[in-house]
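Here is a guided walk through a two-chain model, written to be read with the structure open beside you.

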Amino acid sequence: MIPGGQGRAGKPRSRTGSPGTLAGRRRPLPKKHLSAVDTTPIQRLPTEEDVFDLQTGSDRQLLSLDEQHFFDIAGYALLPEVLDPGQIEESRQRLESLARTPSDGVSLRRENDPEVELLNIVEAGGVLEDAMALHPALRHLQALIWGRQFRLIASRARIRGVGSRGCLTQGGKADPRRYASYRCGPEGEFRCLLVTCLIALDDTNAGDGAFCLIPGSHKSHLPHPYADRELDEVPPLRDLPLTAGSAVVFTENVSHALRPPRLESQSWLEFQYGPSYMENWPGCEPSPDLLRRTQADPVKSHLLLAPYYHPAGSQKKMD
Amino acid sequence: MSCHKGEGMVTAEERYLFDLNGYLVLRKVLSPPVLAAMNESIDRLETLSDQEVEALNLTRKYQQDNVYAQVGPAPQLGLADYSGNILPCGGPFEELIDWPATLPYLEETIGVPMRLDAASFMSRHSGGGFVFHHGYAEMLPYSEYVFEQDAFRCASIKISFALTDVGVEDGCFAVIPGSHKSHFRNPLVGQVPDPAHPLVRPLPCEAGDAVLFSEDLSHGAVENRGSRVRRTLFYSYAPAFQCAWGRLTEVAPGFESRANPRRLELVRGPAPFQEVPADLTPV
């Protein structure tokens, strides 16, 4: 099962104050007024969560308050060392092999020479399949998207050569990609649509192929004015140097880019997730073979479920 | 098939009222001949057994979920309250997918590209009701109401078409105007709407009228205390990257060859992740 997603907590959260009452919302009154107000406890009314079961697991927050606050402000989270050296090496070798001879279900695209994009890499199996379900990433995904109701939308690898271009996405309210939107409620209820987990297979740094973004741009109301500029000429852009095997999880609604490698080619794994009702990215439909070989794995099979709005059996909470 | 409501642009007042209230009542969008054809088709279906209906690729789901509320006694004769898919009936039900009287409102409130994600029929007798559900504060992602950058970007818009006259006594649709923007949980959730409550607005309709609403609007139906059956069609639309609701977009054989391009695209769904062209995005 998805970590921490074994079921709903027994009691709904209250916004403030003790669970089960709304008393915490009331401001303390000056003592002289106490006799003038009704001190009868406010009867708690049922909430949507009490009555229906439409958002499974969304009431279980897996991130600390610091982590929630950071992601809401910045739009990303760093995940150090999600792959070990053996997995990194296996990933590189498989990508090299796929770039020479794509296997069934994996498609190859040369976006702009010298960059190679491999689409639907989970079909290749091994570490490329396992990497869709890394625990540190899942912990964030369950918090950021929609409780347990999230799924894999796309998987890719990028092999970027010296001279590959970097293109800054729009991000924020002006981003035309509706499927990338960012939302967070007053109690840290994240409802991101597309969330990306990007894993570096090579060391990257500010001068050499780093992932970069504009922190906070997922909440920008205005379009960024940098469409015609080189990445080096975008002042608010911040580099996130990653060591091989480390990852960054970010909302697609944050303005981001990959800087060009300077010395050697660099490889990345990219997994994108969305709410359970989001369609597959074209070309990323799981094959029958992939579904068959992952059916005994509860996490992978959960991620590969066909799109759905609610799990079977939900909406039956109220008698 | 003709429709009475004129085609064309959504007016500034309608935009204002939709943002203010979360719904619009569109009068006379179905003409009497269209209504007659639809009701005759349903009359015929209701003479069939559940098994015979299933053989036509139609479902007949008797109301048992927790949105439905049997408040009064169930009818002694005929079918119990039920809902089910409707597009396999074809004909006027198929034409409603891209109905000229409602399509401009969908394009305005959702934006493009979009798809039909469900179409269903509901029959409700005396004694039945629907409890209040949804509201902005619920944070249900697939129903989000959004207006930003001077444009609606709603994640789910539904249209209920009245096939029969439905007054307050007949269990009409009811909403809490403004709840699509409320940041507080709906205290009336799970209750059958009380038409006398100051926040509740029942929306009586004549046959042929339609209510277009954001799914983020708290909505339900008051108890049907009358003797008339309430017949309603629900057509639901969403951005193209959202999937269909189960079998509720299954169509009749031959649809692909007879549907116009727009209708076909709405059912099959346009490319799910295409970006909205820049000239359609007010920035």
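The largest nonpolar core has 147 residues, and those with the most contacts inside it are Ile199(A), Val249(A) and Leu212(B). A nonpolar core here is a set of buried Ala, Val, Leu, Ile, Met, Phe, Trp, Tyr and Cys residues joined through C-beta atoms within 7 Å. A residue is buried if 20 or more other C-beta atoms lie within 10 Å of its own, exposed if 12 or fewer, and partly exposed in between, with C-beta atoms placed from the backbone. In soluble globular proteins, nonpolar side chains tend to be buried together.

Before going further, please note that this is a predicted model, in which local features need pLDDT of at least 70 and side-chain atom pairs count only at pLDDT 80 or more, while totals for chains, interfaces and linings use all residues. Residues are numbered from 1 along each chain as its sequence is written, and chains are lettered from A and ligands numbered from 1 in the order in which they are written.

**The two chains**

Helices (H or I, at least four residues) and strands (E, at least two) are DSSP runs, numbered from the N terminus. Two residues are in contact if their C-beta atoms, placed from the backbone, lie within 7 Å. With those terms in hand, here are the chains.

| Chain | Helices and strands | Buried | Contacts joining residues at least 24 apart, among those at least 6 apart in sequence |
|---|---|---|---|
| A | seven helices, 10 strands | 42% of 319 residues | 80% |
| B | seven helices, 14 strands | 48% of 283 residues | 88% |

**Sheets of chain A**

Two strands pair if DSSP finds at least two bridges between them. In chain A, seven strands form an open sheet with antiparallel pairing, in the order β1-β8-β5-β10-β4-β3-β2. At its edges stand β1 (76–79) and β2 (107–109) of chain A; each has a single partner strand, so one side of each is left without a neighbour in the sheet. From one strand to the next, the twist averages 20°; for such angles, axes are lines fitted to C-alpha atoms, for helices over the stretch in contact, and angles run from 0 to 180 degrees between N-to-C directions.

Within this sheet, strand β5 (residues 195–200) of chain A runs antiparallel to strand β8 (residues 247–251) of chain A, and five bridges join them. Thr196(A) has Phe250(A) in β8(A) as its bridge partner. Ile199(A), which we met in the core, is in contact with Val82(A), Leu83(A), Ala131(A), Ala247(A), Trp268(A) and Leu269(A), leaving aside its neighbours within four places in sequence.

Chain A also has an open sheet of three strands, again with antiparallel pairing, in the order β7-β6-β9. Here β7 (238–240) and β9 (256–258) of chain A stand at the edges with a single partner strand each, so one side of each is left without a neighbour in the sheet. The twist in this sheet averages 30° from one strand to the next. Strand β6 (residues 211–213) of chain A pairs with β9(A) in the antiparallel sense over three bridges, and Cys212(A) has Ala257(A) as its bridge partner in β9(A).

**A helix with two sides**

The buried residues of α3(A) are Ile88(A), Ser91(A), Arg94(A), Leu95(A) and Leu98(A). They cover an arc of only 135° around the axis, which puts them on the same side of α3(A); the arc is that of the directions from the helix axis to the C-beta atoms. Their cover includes β3 (116–119), α4 (126–130), β4 (150–160) and β10 (266–275) of chain A. On the other side of α3(A), the exposed residues are Pro85(A), Gly86(A), Gln93(A), Glu96(A), Ser97(A) and Arg100(A).

In the loop between β1 and α3 (85–100) of chain A lies Glu81(A). Glu81(A) has a positive phi of about 50° although it is not a glycine.

**A covered strand in chain B**

All six residues of strand β9 (residues 157–162) of chain B are buried. Ile157(B), Ile159(B) and Phe161(B) point one way from β9(B), and Lys158(B), Ser160(B) and Ala162(B) the other way. In a regular strand the side chains alternate between the two faces of the sheet. β9(B) pairs in the antiparallel sense with strand β12 (residues 210–214) of chain B over five bridges, and Ile157(B) stands opposite Ser214(B) there. Six bridges join β9(B) to strand β14 (residues 230–239) of chain B, also antiparallel, where Tyr237(B) is the bridge partner of Ile157(B).
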